[in-house]
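Me: I've got a model open and want to talk through a few spots in it. Can you help me go over it?
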Amino acid sequence: MPDIVLIGGGVIGLSIAYELATRGASVRVLDQGPLGQESSWAGAGMITPGNPLGAKSPENRLRAESFVLWPDWAARLREESGIETGFARCGGIELSPERSVSDIAAAAATFQSEGVRAELIGSHELRELEPHLSPELGDAVHLPDYCQVRNPRLLKALLAACAARGVELSPGSPVIGFDRGGQRVTSARTPTETISAGQFVVCSGAWSQSVLAQAGCSIRVAPVRGQIVLLEALPLPTRRILEVGPRYIVPRADGRLLIGSTEEHVGFEKRNTAEAVAELIHFGGELIPSLKTARFERCWSGLRPGSPSGLPYLGRVPNTDNLFVAAGHFRAGLMLSPITAVLLRQLLLGESLSLILDELLQSR
Ligand SMILES: Cc1cc2nc3c(=O)[nH]c(=O)nc-3n(C[C@H](O)[C@H](O)[C@H](O)COP(=O)(O)OP(=O)(O)OC[C@H]3O[C@@H](n4cnc5c(N)ncnc54)[C@H](O)[C@@H]3O)c2cc1C
């Protein structure tokens with residue numbers, strides 16, 4: 001019988017599993033499909049810079065704590081798996097959707113007030129940094145510490161590191177119910193097995209609400225579809241992440257370039273739509289005119305686990321002794337995966353918490 005069963009093998013479940021296994025816990029990960037092929041695979045891998053000493057809101061504090069964990073996290077995974085995750089400090093530039101100077105100045109001031117390196121630059125400096133951007137673009141914020149990870153490779157590395165640490169990985173194992181005895185969950189049920197364990201964690205991404213409902217617990221997590229377009233653009237017209245509100249361009253070192261993303265409330269529907277794909281390609285061409293003739297490679301979509309506040313549910317489920325949740329990371333689950341793994345390890349193994357976030361460490 002494993003000490004801990006994790007329900008969901010996306011970046012959140014696999015990161016928690018790996019972290020627990022490094023402390024000697026016996027862990028099993030159940031996934032209804034293949035492991036690591038849902039939102040975590042579909043994402044863009046942007047890791048926004050933060051500074052724990054200056055972060056003001058709980059959301060920024062959580063992001064900042066994760067940001068500082070990333071370099072060591074990526075190095076450990078590379079060492080244990082032999083797989084390079086593509087974690088890199090590529091830098092980024094934030095532009096205003098309405099090209100409003102005051103919006104951009106405010107964004108730069110917020111980063112600076114939190115102790116994040118951010119420089120307000122004018123159109124002349126922008127063109128010097130990024131000569132391929134449209135000449136129409138005005139002021140911007142330059143964020144030299146912006147990072148990225150290649151999430152499909154991160155998932156491969158996590159799977160290999162988990163396997164090397166003895167984590168039992170069970171794809172094709174949908175959890176369809178729980179058995180309870182008083183305040184405790186005694187087992188999780190799949191169509192073919194009843195799996196007992198000491199503790200259980202629901203980390204089922206966009207599906208977490210329905211999984212937890214089977215244990216009599218109510219949270220609000222809903223799927224938010226995000227569509228992405230992949231182009232090949234050789235030589236790369238930019239090496240930095242470019243962000244304009246919810247839209248962005250993320251260049252990969254091998255000459256590929258992601259253009260994302262939409263936010264659509266359409267249930268568990270993953271198809272790409274002609275309208276969204278056309279809009280994303282148009283956005284890319286407006287930002288970098290040379291992309292209009294880049295090679296279209298493919299497009300896909302993923303279901304982000306959206307929560308009402310945009311913050312994840314992290315903590316013990318009320319009225320249970322041994323059922324936990326780590327879900328609802330919305331647009332930041334890749335970014336927040338190291339800190340989520342550390343906090344859940346601390347909670348599950350009864351260690352003191354390195355980060356007290358009352359707003360987060362309870363189910364709302
Ligand atoms: C287009 C797009 C771009 C994104 N870009 C970024 C980005 O740049 N940076 C960033 O930080 N984040 C980004 N995200 C968000 C990020 O991908 C998510 O927040 C993160 O992947 C959530 O991870 P997860 O493990 O909770 O969910 P998932 O990866 O969806 O994993 C959940 C798993 O649970 C399994 N499951 C569900 N129900 C059951 C069940 N009953 N039994 C067993 N298993 C079950 C599923 O099969 C799935 O494998 C992006 C997302 C999208 C879609």
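Predicted model: local features only at pLDDT ≥ 70, side-chain atom pairs only at ≥ 80, totals over all residues.

Me: Which side chain does Glu 232 meet in a salt bridge?
Reply: Arg 295, with N to O at 3.2 Å. Arg 295 sits in strand β18 (residues 295-306) and Glu 232 in strand β14, so the pair ties together parts that are 63 residues apart in sequence.

Me: And how accessible is Arg 295?
Reply: Arg 295 has 45% relative accessibility, so that residue is partly exposed.

Me: What does Glu 297 pair with?
Reply: Glu 297 forms a salt bridge with Arg 256, and their closest N and O atoms are 2.8 Å apart. This pair links distant parts of the chain, with Glu 297 in strand β18 and Arg 256 in strand β17, 41 residues apart. Glu 297 is partly exposed at 24% relative accessible area, and Arg 256 is partly exposed at 26%.

Me: Which residues are in the salt-bridge network with those?
Reply: The network links Arg 150, Glu 232, Asp 254, Arg 256, Arg 295 and Glu 297.

Me: How many salt bridges does the count come to?
Reply: 23 salt bridges. One of them joins the side chains of Arg 61 and Glu 65, at 3.5 Å from N to O.

Me: Where do Arg 61 and Glu 65 lie?
Reply: Both are in helix α3 (residues 58-81), four residues apart, which is about one turn of the helix. Arg 61 is partly exposed at 27% relative accessibility. Glu 65 is buried, since its relative accessible area is 17% and the cut-off is under 20%.

Me: OK, switching topic. What about Asp 31, buried or exposed?
Reply: Asp 31 is buried, yet has no salt bridge. The nearest side chain of opposite charge is Lys 270, and that is 10.0 Å away.

Me: Where is Asp 31, then?
Reply: In the loop between β2 and α2 (39-42).

Me: Which backbone nitrogen lies 2.7 Å from a polar atom of the Asp 31 side chain?
Reply: The one of Gly 9.

Me: What else does Asp 31 touch?
Reply: Leaving out residues up to four places away in sequence, Asp 31 touches Gly 8, Gly 9 and Gly 10, and also Ser 170, Pro 171, Gly 172, Ser 173 and Pro 174.

Me: Back to the start of the chain. Which way do the side chains of β1 point?
Reply: In strand β1 (residues 4-7), Ile 4 and Leu 6 point one way, while Val 5 and Ile 7 point the other way. All four are buried. In a regular strand the side chains alternate between the two faces of the sheet.

Me: Is the pairing of β1 with β2 parallel or antiparallel?
Reply: β1 and strand β2 (residues 27-30) run parallel, and four bridges join them. In β2, Val 29 is the bridge partner of Leu 6. β1 also pairs in the parallel sense with strand β13 (residues 199-202), over four bridges. There, Ile 7 has Val 202 as its bridge partner.

Me: What kind of unit do β1 and β2 make with α1?
Reply: A right-handed β-α-β unit, with helix α1 covering residues 11-22.

Me: What about Phe 330?
Reply: Phe 330 has a positive phi too, near 45°. Phe 330 is in the loop between β20 and α9 (337-348).

Note on methods:
Residues numbered from 1 in each chain as written. Heavy atoms only, no water. Buried < 20%, exposed > 50% of the residue type's maximum accessible area, 1.4 Å probe, protein only. Helix = DSSP H or I, 4+ residues; strand = E, 2+ residues; numbered from the N terminus. Pairing = 2+ DSSP bridges. Right-handed = clockwise from strand over helix to strand, strands pointing away. Lys, Arg positive; Asp, Glu negative; His and termini not counted. Salt bridge = Lys/Arg side-chain N within 4 Å of Asp/Glu carboxyl O. Polar contact = N/O pair within 3.5 Å; in protein donor to acceptor, adjacent residues only side chain to side chain. Contact = heavy atoms within 4.5 Å.
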